[in-house]
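This briefing is intended to be read alongside the sequence and the model. Please keep both open while going through the topics below.

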Amino acid sequence: MGTHWGAVHVLDFEGNVVKTFQRHAATVNAISIDTAGEYLASASDDGKVFIYGLYTSEIQQYNYRRPVKAVAIDPDYTRKSTKQFISGGMAEQLIMSEKGWLGHKDQVLHANEGPIYAIQWQGNLIAWANDVGVKIYDTTSNTRITYIDRPQGSPRADLYRCRMCWKDDHTLLIAWADTVKVAVVREHLSNTHQQGRYVEITTMFQTDYMICGIAPFNNTLLLLAYMIDDDEADVDSQIPEQHRKRVAMRPELHIINEDNEEISADVLALHGFEHCRANDYILDYLDEGDMFYVLGPKDLIAARPRDIDDHIEWLMDHERYGEALTAARQAETQYGDSRRFNVGEIGQTYLNWLVEHEKFDEAAEECGDVLGNDRTLWEDWVFRFIEKGELKAIAPHIPVKDPQLSSTLYEIVLAWFLKSDHQALKNTIHHWPRSLYNISNVIVAVEDYVTRDKDNEILLECLADLYTYNNQPDRAIEYNLRLRRPNAFQLIEEYNMFDAVKDKALLLMEFDQHLIEKQKAKEDDNKIPERPSQMPAVQMLVKNTDAIPPNKVVQQLRGHRQFLHIYLDALFDRDRHIGYEFHDLQVELYADYDYRKLIDFLRASHYVSLEKAYKICEQKDLVPEMVFILGRMGDNKSALMLIIERLDDVQRAIDFAKEQKDDELWEDLLMYSMDKPNFIRGLLENVGTDIEPLRLIKRIPDQLEIPGLKDALLKILQDYNLQMSLHEGCEKILVSDSVHLAKRMYNTQKRGINCDQDMLCSECEEPVFDNQSLDDFPNTVIFFCRHAFHERCLLDRDSPDNASTAATNVVPTNSIHPGALSTKVNHAALLKTTRDIGCPICWEQAAGGNAFVNRMKTQRRGGSATGGKSISTGSLRSLGVVH
């Protein structure tokens with residue numbers, strides 16, 4: 001930094017003086033530093049240029065004897081041996097100085113176009129400005145590339161000097177008075193005849209202020225604006241006296257985007273700005289550190305791009321704590337953390353601000369993010385909400401886990417809700433885990449309030465839930481029933497609390513009545529409503545009669561007859577025998593509340609006292625039920641008289657007579673019907689197997705007019721014809737079946753049976769055939785099942801004591817040749833006529849017996865069928881077939 005007293009100060013980034021060079025005797029106009037930061041050049045009105053070694057004691061002096069307004073050291077001054085720098089000033093010459101063989105030499109690159117006020121050196125390009133315009137020089141080709149003229153209509157060049165800086169190696173930013181130009185150095189294409197470089201103006205615009213500094217800022221431009229009052233700006237710029245009288249405004253920093261639009265403007269607070277001119281300000285920047293410096297006659301301002309901390313600080317200063325907290329969290333996520341601010345402290349400040357402005361709901365919502373898992377902070381803030389009387393706001397956000405607060409605090413919250421907001425109390429009890437607080441303490445407090453407000457449903461719900469949480473379902477069920485809660489029955493069955501509700505039958509029935517009324521209120525025509533006896537409470541009572549005895553329930557419901565009827569009806573539907581002692585009472589209840597089911601009840605019950613039931617029906621004038629009871633009592637005649645005299649229903653009378661199957665009852669019916677044409681007609685239409693038509697027709701009095709008699713008689717004739725036709729058809733079918741079966745039996749019995757020589761008697765297990773001595777073997781009986789028996793064995797099996805007698809009576813002497821077919825046939829016919837012969841083994845098997853076991857028993861009783869005697873050789877041998 002150069003001063004009006006000729007001193008050059010080297011400062012660090014904090015503004016502390018590191019080194020000072022006091023060489024010049026007049027104002028220092030320009031300073032230039034090489035890119036390595038090892039050498040510094042300064043130019044002054046004393047006509048001298050000094051080159052300082054920042055890290056050595058080397059100092060070089062060059063005297064040009066005229067005020068030097070600008071200087072630029074070679075960016076590669078440290079590395080190059082030529083040690084070049086360029087200077088210019090009031091001598092109107094652009095001089096390049098460099099080290100030669102014989103010492104330092106100067107070369108004039110341009111002259112005679114006015115004083116040179118600005119020089120900028122970047123890479124191989126040098127730009128300078130004088131009163132005429134800006135020129136660019138290429139050190140590689142030692143030629144001037146272009147000339148950019150001074151904007152037309154600009155004020156005096158000495159009052160508003162040109163400001164320049166290189167954005168990069170090819171882009172030059174130019175600000176002159178109120179005009180900005182962006183010049184880009186380009187290479188000529190290889191296919192053109194021109195060679196070297198040229199300059200293109202890519203951007204040009206004017207501003208509403210004078211520009212006393214320009215610098216690149218990312219993709220935008222940073223302009224140092226010199227502001228003048230509009231009224232004073234109209235003063236003729238060619239009169240120097242008027243300029244000295246102007247009062248300047250504070251300088252400003254403006255940011256211009258790529259579309260030449262202003263996106264930011266900051267006013268700079270400099271001392272003595274009222275008396276400063278545009279040329280008194282300098283804007284420079286350090287590209288590596290992204291730092292900008294504004295130098296005034298008495299101040300040096302360091303500017304840098306705002307970071308997230310600056311943004312947070314600005315928001316905090318303007319009490320926009322919510323946005324500051326969001327920005328701090330964003331910084332924590334994206335950049336690791338803020339360097340100057342703590343998210344927790346900002347959150348605490350934000351909560352305090354919200355509470356002070358009575359935004360309790362917003363504060364409560366922010367507590368979760370701000371307080372995190374800090375138990376102490378949570379308890380402090382909950383107590384603060386309690387002090388403010390806004391516990392309702394924080395209650396939904398109080399943590400129940402990570403962190404879990406003290407049980408005392410949770411109980412305080414519930415007690416506060418108990419006093420101020422019962423609905424919030426209920427919601428909180430449902431939301432909080434039961435382990436957070438002492439349930440017994442809360443129950444005591446709630447019960448104390450319930451004694452003063454017994455109809456408070458919300459508190460009753462709280463008590464029901466609290467007793468359930470405290471494993472006291474027997475206490476909870478009473479409140480659940482009073483509240484008509486649907487889960488009451490599930491709770492009773494789950495915890496087997498039938499003993500707890502056996503004295504609450506009336507409360508249970510009232511619950512059912514509530515559900516019925518609720519169903520009716522829905523008015524759903526498509527849905528069939530449930531019968532009262534099918535409702536959950538009464539079904540629970542009848543399904544658990546062991547735990548809830550019916551006599552105990554009936555005793556409680558005596559004063560509520562309709563509930564008693566519903567209960568007994570459901571009990572009877574479930575089991576007809578459980579409540580038999582109450583069947584007489586049920587007759588009266590059915591007569592009062594469900595007359596249509598009374599007759600079915602009377603038919604199904606065997607415990608009803610018929611005399612009592614008849615009296616009740618007689619009092620209620622229930623004739624059909626009286627008829628049924630009289631029929632059960634055996635007084636069929638009185639029952640029939642009720643049907644005829646009271647009901648006048650011939651069909652019912654006929655059906656009653658059919659049910660009783662009593663011929664005297666039919667006679668009474670015929671006798672009572674002779675003077676009633678409608679009954680006669682009904683009887684004529686229903687005659688059949690129960691009564692002969694002639695029996696009825698003969699009794700009809702002469703000259704009695706019977707409506708529809710002709711149709712009734714025609715029906716009788718038609719029915720008779722139909723009956724005769726059916727009789728004949730059945731007779732034909734019977735005869736046909738008989739003939740068919742007789743033929744089948746005849747063909748079967750005359751059929752021969754396939755026998756073999758090895759067949760054994762199924763009784764004595766001896767051979768039944770012997771081809772060598774046929775006359776010595778007894779007669780044999782073979783059945784269609786192929787079981788074979790000796791005739792004597794078969795007869796002895798049927799009557800072992802009289803076997804010889806039977807054989808003598810049945811079997812005649814061999815008056816005919818025993819082998820003759822006629823003898824065999826006659827003998828078989830004789831056996832069939834005298835005895836019912838069938839295969840005994842098949843009979844035993846069909847009856848579940850065992851032929852072998854029976855056979856063993858027979859053998860143990862007497863041995864052989866002949867009693868130890870040999871069979872007579874003269875006995876009749878017959879091969880018969882018996883089925």
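**Overview**

The protein exposes about 49,600 Å², and carbon and sulfur atoms supply 47% of that area. The model is a predicted one. It contains 34 helices and 28 strands. Of the 883 residues in the protein, 42% are buried. Among contacts between residues at least 6 apart in sequence, 49% join residues at least 24 apart.

**Nonpolar cores**

- In soluble globular proteins, nonpolar side chains tend to be buried together.
- The largest nonpolar core in this model has 96 residues, and V382, Y437 and Y567 touch the most other members.
- Helix α12 (residues 457-469) provides the largest share of this core, namely eight residues.
- Apart from this core lies another one, of 39 residues, which includes V182, I214, L222 and I228.
- With neighbours within four places in sequence left aside, Y567 is in contact with M509, V538, L541, V542, P550, V553, V554 and L557.

- Helix α17 (residues 536-543) is largely enclosed by the rest of the structure, because six of its eight residues are buried.
- The buried residues of α17 are A537, V538, Q539, M540, L541 and V542.
- Elements that cover these buried residues include α14 (488-494), α15 (498-501), α16 (505-522), α18 (550-557) and α19 (561-574).
- V538, L541 and V542, which are among the buried residues of α17, are also among the contacts of Y567.

**Salt bridges**

The search of the whole structure finds 27 salt bridges.

- **D45 and K69.**
  - These residues form a salt bridge in which the closest N and O atoms are 3.1 Å apart.
  - D45 lies in the loop between β4 (39-44) and β5 (48-53), whereas K69 lies in strand β7 (residues 68-73), so the pair ties together parts that are 24 residues apart in sequence.
  - D45 counts as partly exposed because its relative accessibility is 28%.
  - K69 has a relative accessibility of 13% and therefore counts as buried.
- **D573 and R531.**
  - The closest N and O atoms of this salt bridge are 3.2 Å apart.
  - D573 belongs to helix α19 and R531 to the loop between α16 and α17, so the bridge ties together parts that are 42 residues apart in sequence.
  - D573 is partly exposed, with a relative accessible area of 42%.
  - R531 is likewise partly exposed, with a relative accessible area of 39%.
- **K620 and D592.**
  - The side chains of K620 and D592 meet in a salt bridge with an N to O distance of 2.8 Å.
  - K620 is located in helix α22 (residues 610-620) and D592 in helix α20 (residues 583-593), so the pair ties together parts that are 28 residues apart in sequence.
  - K620 counts as partly exposed at 38% relative accessibility.
  - D592 counts as partly exposed at 34% relative accessibility.

- S605 is found in the loop between α21 (598-604) and α22.
- Its relative accessibility is 2%, so S605 counts as buried.
- The side chain of S605 makes a polar contact of 2.6 Å with the side chain of H583.
- When neighbours within four places in sequence are left aside, S605 is in contact with F572, H583 and R632.

- Strand β1 (residues 7-11) and strand β2 (residues 17-22) run antiparallel and are joined by five bridges.
- L11 stands opposite V17 in β2.
- Five residues lie between the strands of this hairpin, in which G15 takes a positive phi near 90 degrees.
- In a regular strand the side chains alternate between the two faces of the sheet.

Note on methods:
Residues are numbered from 1 along each chain as its sequence is written. This is a predicted model: local features need pLDDT of at least 70, side-chain atom pairs count only at pLDDT 80 or more; totals for chains, interfaces and linings use all residues. Side-chain values use heavy atoms; hydrogens and water are left out. A nonpolar core is a set of buried Ala, Val, Leu, Ile, Met, Phe, Trp, Tyr and Cys residues joined through side-chain atoms within 4.5 Å. Buried means under 20% relative accessible area, exposed over 50%, partly exposed in between (1.4 Å probe, protein chains only). Helices (H or I, at least four residues) and strands (E, at least two) are DSSP runs, numbered from the N terminus. Contact means heavy atoms within 4.5 Å. A salt bridge is a side-chain nitrogen of Lys or Arg within 4 Å of a carboxyl oxygen of Asp or Glu. A polar contact is a pair of N or O atoms within 3.5 Å; within protein, one must be able to donate a hydrogen and the other to accept it, and residues adjacent in sequence count only if both atoms are side-chain atoms. Accessible areas come from the Shrake-Rupley method with a 1.4 Å probe; for residues, only the protein chains shown count as cover. Two strands pair if DSSP finds at least two bridges between them.
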